[in-house]
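Please view the sequence and the structure first, and then read on.

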Amino acid sequence: MRLLLQRVSRARVDADGCAVGEIGHGLLVLAGFGKADGPDLPGTKLWNALCAKLFDLRVFPDAAGKLNLSLRDAAQSGQGGGLLLVSQFTLYADVRRGRRPSFTDAAAPDVARALYERLALDLAAQCPGPFAQGVFGAEMQLDFVNSGPVTILLDSADFAGV
């Protein structure tokens with residue numbers, strides 16, 4: 001699983017020309033799933049560690065301007081705390097050969113859909129502020145302002161043995 005986190009001052013996702021999700025200050029999370037991510041991943045120590053890391057990373061500024069606040073802290077201090085989740089299989093693009101990306105490392109659509117839906121449920125249950133999500137498999141347009149900019153990649157491969 002790969003989660004690309006972007007701190008945003010606002011973010012919106014449209015599908016079929018209609019807004020399907022929108023947040024103010026918070027995190028835009030692009031989520032992709034790989035072949036190694038099976039249906040048994042949700043609820044594991046690895047899954048829980050990645051979800052906890054997403055909420056606990058200190059990527060929001062405190063009163064002194066230092067990145068000392070997590071998404072939870074930002075929500076408690078009235079600085080937003082929203083989360084917009086969007087599926088993004090292209091996080092598993094392999095561009096080592098040729099000019100066309102290969103997506104053979106991405107999970108099969110049925111597996112990825114189940115994982116995305118479970119991730120949405122788990123994140124919505126823990127989100128300290130507004131939660132919104134895109135539509136799995138849809139052609140979507142994102143409109144957001146990356147604040148900072150702050151962009152961080154969480155990759156389950158980096159958390160092996162957690």
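## Surface and charge

The protein exposes about 8,600 Å², and carbon and sulfur atoms supply 51% of that area. The model described here is a predicted one. Its charged groups comprise 16 positive and 17 negative charges, whose mean positions lie 6 Å apart.

## Overall form

The C-alpha trace of the protein spans about 45 × 40 × 30 Å along its principal axes. A compact globule of 162 residues would have a radius of gyration near 15 Å, so the 16 Å of the protein agrees with that expectation. Buried residues account for 41% of the 162 residues.

## Secondary structure

The protein contains 3 helices and 8 strands. Along the sequence, these elements follow the order β-β-β-α-β-β-α-β-α-β-β.

Strand β3 covers residues 26-32 and is mostly covered, with 7 of its 7 residues buried. Here, buried denotes a relative accessible area under 20%.

Strand β3 pairs with two strands, as described in turn. With strand β1 (residues 2-15), β3 forms 7 bridges in the antiparallel sense; the bridge partner of Val8 in β3 is Gly26. With strand β6 (residues 82-87), β3 pairs in the parallel sense over 6 bridges, and Leu30 stands opposite Val86 in β6.

Notes:
Residues numbered from 1 in each chain as written. Predicted model: local features only at pLDDT ≥ 70, side-chain atom pairs only at ≥ 80, totals over all residues. Heavy atoms only, no water. Helix = DSSP H or I, 4+ residues; strand = E, 2+ residues; numbered from the N terminus. Rg over C-alpha atoms; globule rule 2.2 N^0.38 Å. Buried < 20%, exposed > 50% of the residue type's maximum accessible area, 1.4 Å probe, protein only. Areas by Shrake-Rupley, 256 points an atom, 1.4 Å probe, with all protein chains shown as cover. Lys, Arg positive; Asp, Glu negative; His and termini not counted. Charge placed at Lys NZ, Arg CZ, Asp CG, Glu CD. Pairing = 2+ DSSP bridges.
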